[in-house]
Amino acid sequence: LGHCSVAGAKVTGKGRQRKGSCPSFPAVRCADPPALVYPTSSKFRLPEDNDVPIIMVGPGTGVAPFRAFLQERQMIGARGKTWLFFGAQREKSDFYYEEDFTKFMADGVLTKLDTAFSRDQEHKIYVQNRMLGSSGEIWQWLEEGAHFYVCGDAKRMAKDVDATLREIVEQQGGKSADAANEYVENLKNEKRYKRDVY
């Protein structure tokens, strides 16, 4: 438990006061009365084994932690394969961190990048559609021990991605619906299927 500080709320530069890096609302408002802060520890992290493949599904702003994952893997020299599914409405205006992901691909940090821009064509395409288009390879990565991550919208996207994952396991693994569900639940129990959804 802590309190927000007003320090850094404003800085003086060239004779003018400007807002600093602290967002102005908490910086100005939290002095009286103090704003309470409740830090939590995230369990949404990379596997300890840097050679383990990872599959990341992060539409919209849900892609932000995956950029950090790739930065970390690049920094430590991880050799595990990485695959990102990113979706948004329009490529021209909504492709967050496009330059970073392009560079990660060029540097070999990001092995595969599949994008789904739902409004750039007449029929809508989402990340789960891209997943289905790569069902066989996703199944192969899972069988190789890949960790599967999802970040973003809990109401629709996360549910659709979960259903698609189960469908892929059922079809590609030649399993019954019950056995596919058990496989996915085992991924969760083994901490190989992690979700940060909101």
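Colleague: At roughly what angle do the axes of helix 7 and helix 8 cross?

Modeller: This is a predicted model, and helix 7 covers residues 157–172 while helix 8 covers residues 177–189. Their axes come within 8 Å of each other. The angle at which they cross is roughly 120°.

Colleague: Are helix 7 and helix 8 roughly parallel, roughly perpendicular or oblique to each other?

Modeller: The crossing of helix 7 and helix 8 is right-handed. Angles from 65 to 115 degrees would count as roughly perpendicular, and those over 145 as roughly antiparallel. With axes that cross at roughly 120°, the two helices are therefore oblique.

Colleague: How many charged residues does the contact of helix 7 with helix 8 have?

Modeller: Helix 7 contributes D162, L165, R166, V169 and E170 to this contact. From helix 8 come A177, A180, N181, Y183, V184, E185 and K188. By class, the contact has six nonpolar residues and one polar residue, and the number of charged residues is five.

Colleague: How are helix 6 and helix 7 oriented to each other?

Modeller: The axes of helix 6 and helix 7 come within 9 Å. They cross at roughly 85°, and angles of 65 to 115 degrees fall in one class. The two helices are therefore roughly perpendicular.

Colleague: How many charged residues are there in the contact of helix 6 with helix 7?

Modeller: S135, G136, I138, W139 and L142 of helix 6 meet L165, I168, V169 and Q172 of helix 7. Sorted by class, the contact has six nonpolar and three polar residues. The count of charged residues is none.

Colleague: Is S135 buried or exposed?

Modeller: S135 lies in helix 6. Leaving aside residues up to four places away in sequence, S135 touches I168 and Q172. Because its relative accessible area is 6%, and the limit for burial is under 20%, S135 is buried.

Colleague: In what order do the strands of the open sheet of five strands lie?

Modeller: The pairing in this sheet is parallel. Strand 7 (112–117) and strand 9 (193–197) are the edge strands, each of which pairs on one side only. From one strand to the next the twist averages 10°. The order is 7-6-5-8-9.

Colleague: Which residue in strand 9 is the bridge partner of G152?

Modeller: Strand 8, residues 147–152, pairs with strand 9 in the parallel sense. Five bridges make up this pairing. The partner of G152 in strand 9 is V197.

Colleague: What angle does the direction of helix 6 make with that of strand 6?

Modeller: Helix 6, residues 135–143, packs on the sheet. It touches strand 5 (54–57), strand 6 (82–88), strand 7 and strand 8. With the direction of strand 6, that of helix 6 makes an angle of about 135°.

Colleague: What separates the C-alpha atoms of N129 and D160?

Modeller: N129 has its place in helix 5, residues 127–133. At 37% relative accessibility, this residue counts as partly exposed. D160 is 31 residues away along the chain, and the separation of the two C-alpha atoms is 9.7 Å.

Colleague: What percentage of the contacts with a separation of 6 or more comes from residues 24 or more positions apart?

Modeller: The chain has eight helices and nine strands. Of its 198 residues, 37% are buried. Among contacts in the chain with a separation of 6 or more, the percentage from residues 24 or more positions apart is 70%.

How values were computed: Residues numbered from 1 in each chain as written. Predicted model: local features only at pLDDT ≥ 70, side-chain atom pairs only at ≥ 80, totals over all residues. Heavy atoms only, no water. Pairing = 2+ DSSP bridges. Helix = DSSP H or I, 4+ residues; strand = E, 2+ residues; numbered from the N terminus. Axes fitted to C-alpha atoms, helices over the stretch in contact; angles between N-to-C directions. Contact = heavy atoms within 4.5 Å. Buried < 20%, exposed > 50% of the residue type's maximum accessible area, 1.4 Å probe, protein only. Parallel < 35°, antiparallel > 145°, perpendicular 65-115°, else oblique. Left-handed = near helix turned anticlockwise from the far one by under 90°. Nonpolar A, V, L, I, M, F, W, Y, C, P; charged D, E, K, R; others polar.
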